[in-house]
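Trainee: I would like to go through this structure term by term. Please set each value against its cut-off.

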Amino acid sequence: MPERSVAQACRAVLTAAAPADKVKAARAAARDWRLGRLAFEFDVAMPDKPARPDKPELLAPSHMPRRGKGGSERGRIALIHAITHIEFSAIDLAFDVAGRFGAQFPRGFTDDWMRVGGDEAMHFALLDRRLKRFGSFYGAMPAHDGLWDAAAETSHDALARLAVVPMVLEARGLDVTPAMVERFSSANDGVTARILTRILNDEIRHVSAGTVWFESACREKGLVPETTWQALVTRYYRGLIKPPFNDSARSSAGLSRDYYQALAVE
C-alpha cells in the first residue's frame, strides 16, 4: 500500500518555494505516480496560493517594464526569463488541477495532469539552464503572476479552470511560440529555438488534455461544450481572445474555431 497519496504529492509541489525544490518535488510526484507509488486519494487540500521564492519580484501586468522584440541579446534574455516564469507557474497550475479536482474525474484525469506537471518542470529546467548560459538566472528580472490569478478565480469550479487555463492561456502559447522560435532562429540561437519547439509540441498535448476533460465533463452534465466554454471564459477570463490564432496547432489539440471564433476581438 503506498505511503503517500497523490494529493499529498501535489501539495508538496505547491508548498515548495525554491525553484530547485519545486522542480525536484514535481519530478518526484510525476515519477511516483507513473510507477504506482502514490495512492489515488485526495486526503489533503491544496493551498490557496503556491509558495514562491523571494525573486523574481512579482508585479501587476500593467507595471511590467516593456520588453524588446528579442533582437538584441539583452532582449532575448528578457524574453527567455519571461517564458521561464510562465513555465515555473505552469508547474503549480498542473499539480493544483490534479490535486484540487482529481477526485471529481476518472483516474485518467490525474494521469494526464501529473504528466503535464512533469513536462512543465522539465521545460522550466531547460530554460533556467539556458538563462545561466547567458550569464543570467531566474529571478534576475521582475515577473507577473497573472497565470495564478486565473487559477485563483477558478479554484471552485473544475470546468471553469479547464476552460481558462489550458483552453485559453496555454492555447495562447500555441499562437505566439512559432514567432518566438523564428526570432531566436534568426538570431542564430538554435538552442533556444529547439527548446521552444519542444515546449510548443508538448503544449499541444496539454491543451488537448484540457479540451478532452472539459468536453467529457460537459457530456456528463448535458452541456454544449462550445457555448459553455464561451460563457465561462466571458465570466472568468479578464483578458481578450485575440488573433492571430495558430489554428492548425489548436485543431491538433481538439480546440476548434467553434470555441473561440465567437469571442475573438479583432
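**Contacts, bridges and bonds**

Mentor: Start with a helix pair: Cys10, Val13 and Leu14 of H1 meet Ile91, Asp92, Phe95, Asp96, Ala98 and Gly99 of H3. Contact here means heavy atoms within 4.5 Å. Helices (H or I, at least four residues) and strands (E, at least two) are DSSP runs, numbered from the N terminus. The model is predicted: local features need pLDDT of at least 70, side-chain atom pairs count only at pLDDT 80 or more, and totals for chains, interfaces and linings use all residues. Residues are numbered from 1 along each chain as its sequence is written, and side-chain values use heavy atoms, with hydrogens and water left out.

Trainee: Why are H1 and H3 called roughly antiparallel to each other?

Mentor: Helix H1 (residues 6-14) and helix H3 (residues 73-101) pack at about 155 degrees, with axes 9 Å apart. Axes are lines fitted to C-alpha atoms, for helices over the stretch in contact, and angles run from 0 to 180 degrees between N-to-C directions. Angles under 35 degrees count as roughly parallel, over 145 as roughly antiparallel, 65 to 115 as roughly perpendicular and the rest as oblique. H1 and H3 are therefore roughly antiparallel.

Trainee: What makes Arg238 and Glu153 a salt bridge?

Mentor: A salt bridge needs a side-chain nitrogen of Lys or Arg within 4 Å of a carboxyl oxygen of Asp or Glu. Arg238 and Glu153 have an N to O distance of 2.2 Å, so they qualify. The pair links distant parts of the chain, 85 residues apart: Arg238 is in the loop between helix H8 (225-236) and helix H9 (247-252), Glu153 in helix H5 (residues 146-153).

Trainee: What makes Asp202 and Arg205 a salt bridge, and where do they lie?

Mentor: Their closest N and O atoms are 3.2 Å apart. Both lie in helix H7 (residues 190-221), three residues apart, about one turn of the helix. Asp202 is buried at 7%. Arg205 is partly exposed at 29%. Elsewhere, salt bridges that share partners join Arg4, Arg31, Asp32 and Arg37 into one network. The structure holds 16 salt bridges.

Trainee: How do you know that the span of helix H4 agrees with its residue count?

Mentor: The expected span is 1.5 Å times one less than the number of residues. For the 27 residues of H4 (residues 107-133) that should be 39 Å. The end C-alpha atoms are 40 Å apart, which agrees. Just after H4, Gly135 has a positive phi of about 85 degrees.

Trainee: Why is Pro166 called buried?

Mentor: Its relative accessibility is 3%, so Pro166 counts as buried. Pro166 lies in helix H6 (residues 158-186). It touches residues including Trp113, His206 and Gly210.

Trainee: What makes Asn188 worth a comment on phi?

Mentor: Most residues other than glycine have a negative phi, and most peptide bonds are trans. Asn188 has a positive phi, near 60 degrees. Asn188 is in the loop between H6 and H7, and at 74% relative accessibility it is exposed.

Trainee: Which peptide bond ending at Pro244 is cis?

Mentor: The bond from Pro243 to Pro244, with omega near 5 degrees. Another cis bond joins Lys55 and Pro56, with omega about 10 degrees.

Conventions. Buried means under 20% relative accessible area, exposed over 50%, partly exposed in between (1.4 Å probe, protein chains only). Lists of a residue's contacts leave out its neighbours within four places in sequence.
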